[in-house]
Amino acid sequence: MEIATNRLDRGFYRYKEEFEEKALEVLRSGWYVLGKEVSSFEKEFSSYIGEKYCVGLASGLDALWITFRLLGIGHGDEVIVQGNTYIASVMGITINGATPVFVEPDEYFGIDVSKIEEKITDRTKAILVVHLYGMASRMDQIVKICRKYNLKLVEDCAQSHGAQFADRMTGTFGDVGCFSFYPSKNLGAFGDGGAVIVNNLELAEKFRVFRNYGSEKRYYNKVVGANSRLDELQAGLLRVRLRHINEINQERIQLAKYYTQNIKNRKIILPKPLNNSTCVWHQYVVQCEERNQLMEYLKRRGIGTLIHYPIPPHLSEAYQYLGYKPGALPITEHLADTILSLPMYSGMTIDEQDYVIDALNSF
Ligand SMILES: *Cc1c(COP(=O)(O)O)cnc(C)c1O
């Protein structure tokens with residue numbers, strides 16, 4: 001059997017008629033940028049998340065860097081972020097000239113809240129929380145720290161559409177929730193897309209102006225902005241997917257449960273979600289000291305896996321200028337050497353999962 005790490009086609013075929021109908025509707029409408037699909041999606045997505053405003057943008061990275069720009073965080077400022085994240089989280093900070101300050105993760109892959117305070121200096125302006133793999137971070141404690149030190153709180157929700165902490169959606173705890181709709185995300189488009197979720201009207205307006213060359217009224221530019229618009233086609237297709245998001249997340253929860261119940265191998269550590277939270281399993285990430293052998297073993301059996309992520313941002317070539325050496329973040333680096341993401345996608349069959357499970361159990 002051949003099992004790919006992801007099968008985006010299955011996610012399309014599952015709602016094929018609805019996607020095709022919407023695509024044709026948008027193509028035939030004659031209106032392709034900033035129209036009724038985008039404004040409807042913004043209303044529907046903010047109502048799903050349970051927050052006042054949503055502003056559609058061109059990508060998750062744009063959501064992050066524009067957020068820090070509009071919060072006024074740049075040169076000379078520090079932003080606290082976990083070491084084990086996708087590099088886009090860090091680029092959102094550094095594009096503006098601010099400095100990321102890395103904190104090691106806890107056993108749930110989220111920022112270790114007990115290690116945040118020791119990293120706070122008088123230059124610290126914000127905490128960027130990443131709800132990695134669809135697992136909510138410990139928001140109760142993070143919110144407390146932000147209040148105590150008067151820090152901005154930004155959430156990277158690129159992997160956590162619909163994940164909750166204490167019955168509250170990720171993306172609603174801080175100043176801004178940043179989302180990506182890259183095709184492989186739980187709420188994925190058919191190209192790039194992103195959005196921010198905010199509860200403050202003034203800030204929401206700033207995003208709306210910034211994404212469109214800094215103009216509110218055509219050809220009257222208030223600030224130097226960017227071209228970061230979610231387009232009508234993606235917004236329309238996202239509206240279709242959003243109608244089914246609970247089903248899509250529920251399916252992943254089932255798939256994760258099945259893996260957890262059936263993978264039985266002492267060499268393989270299974271992920272466990274935080275108490276008091278709903279994980280939406282963007283990835284199902286196991287740990288294994290013999291990770292590279294395991295990956296190879298699965299590959300020989302036709303099973304594709306990925307590492308999210310093999311090089312932690314502080315050691316990537318792009319961030320050499322920050323001056324970190326191997327060993328700077330031992331927990332983060334150990335994770336990078338031992339984690340492995342199993343195949344997990346909308347439309348994965350029990351037969352496919354059994355095949356992966358058998359291979360893992362016989363390793
Ligand atoms: C995907 C992702 C991003 C970036 O989103 P894009 O839409 O690809 O720019 C940022 N942070 C995390 C954690 C991600 O997984």
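**Backbone exceptions and the ligand site**

Mentor: Let's start with Trp-281, which is buried, with a relative accessible area of 7%. Because the cut-off for buried is under 20%, Trp-281 at 7% falls in that class. Keep in mind that this is a predicted model. Trp-281 is found in the loop between strand S12 (277-278) and strand S13 (285-287), and its phi is positive, about 50°, although it is not a glycine. Most residues other than glycine have a negative phi.

Asn-150 also has a positive phi, near 55°. Its place is the loop between helix H6 (139-149) and strand S5 (152-156). Asn-150 counts as exposed, at 69% relative accessibility.

Another backbone feature is the cis peptide bond joining His-308 and Tyr-309, with omega about 15°. Most peptide bonds are trans. Tyr-309 belongs to the loop between helix H10 (291-300) and helix H11 (330-338).

Now to the ligand. A polar side-chain atom of Asp-156 lies 2.8 Å from a ligand nitrogen atom, while one of Gln-159 lies 2.8 Å from a ligand oxygen atom. An N or O atom in the side chain of Lys-185 is 2.7 Å from an oxygen atom of the ligand. Taken alone, the ligand exposes 390 Å², and the protein buries 92% of that. The ligand sits in the largest pocket. Helix H4 (60-70) and helix H5 (87-94) each give two or more residues to the shell around the ligand, and H4 gives the most, with three. By class, that shell has seven nonpolar, six polar and two charged residues.

Note on methods. Residues are numbered from 1 along each chain as its sequence is written. This is a predicted model: local features need pLDDT of at least 70, side-chain atom pairs count only at pLDDT 80 or more; totals for chains, interfaces and linings use all residues. Side-chain values use heavy atoms; hydrogens and water are left out. Helices (H or I, at least four residues) and strands (E, at least two) are DSSP runs, numbered from the N terminus. Buried means under 20% relative accessible area, exposed over 50%, partly exposed in between (1.4 Å probe, protein chains only). A polar contact is a pair of N or O atoms within 3.5 Å; within protein, one must be able to donate a hydrogen and the other to accept it, and residues adjacent in sequence count only if both atoms are side-chain atoms. Accessible areas come from the Shrake-Rupley method with a 1.4 Å probe; for residues, only the protein chains shown count as cover. On a 1 Å grid over the protein atoms alone, a cavity is a set of points where a 1.4 Å probe fits but cannot get out, and a pocket is an open set with protein on both sides within 12 Å along at least five of seven lines; lining residues have an atom within 4 Å of a point. A molecule sits in a cavity or pocket if more than half of its atoms lie within 2 Å of its grid points. Ala, Val, Leu, Ile, Met, Phe, Trp, Tyr, Cys and Pro count as nonpolar, Asp, Glu, Lys and Arg as charged, and the others, Gly among them, as polar.
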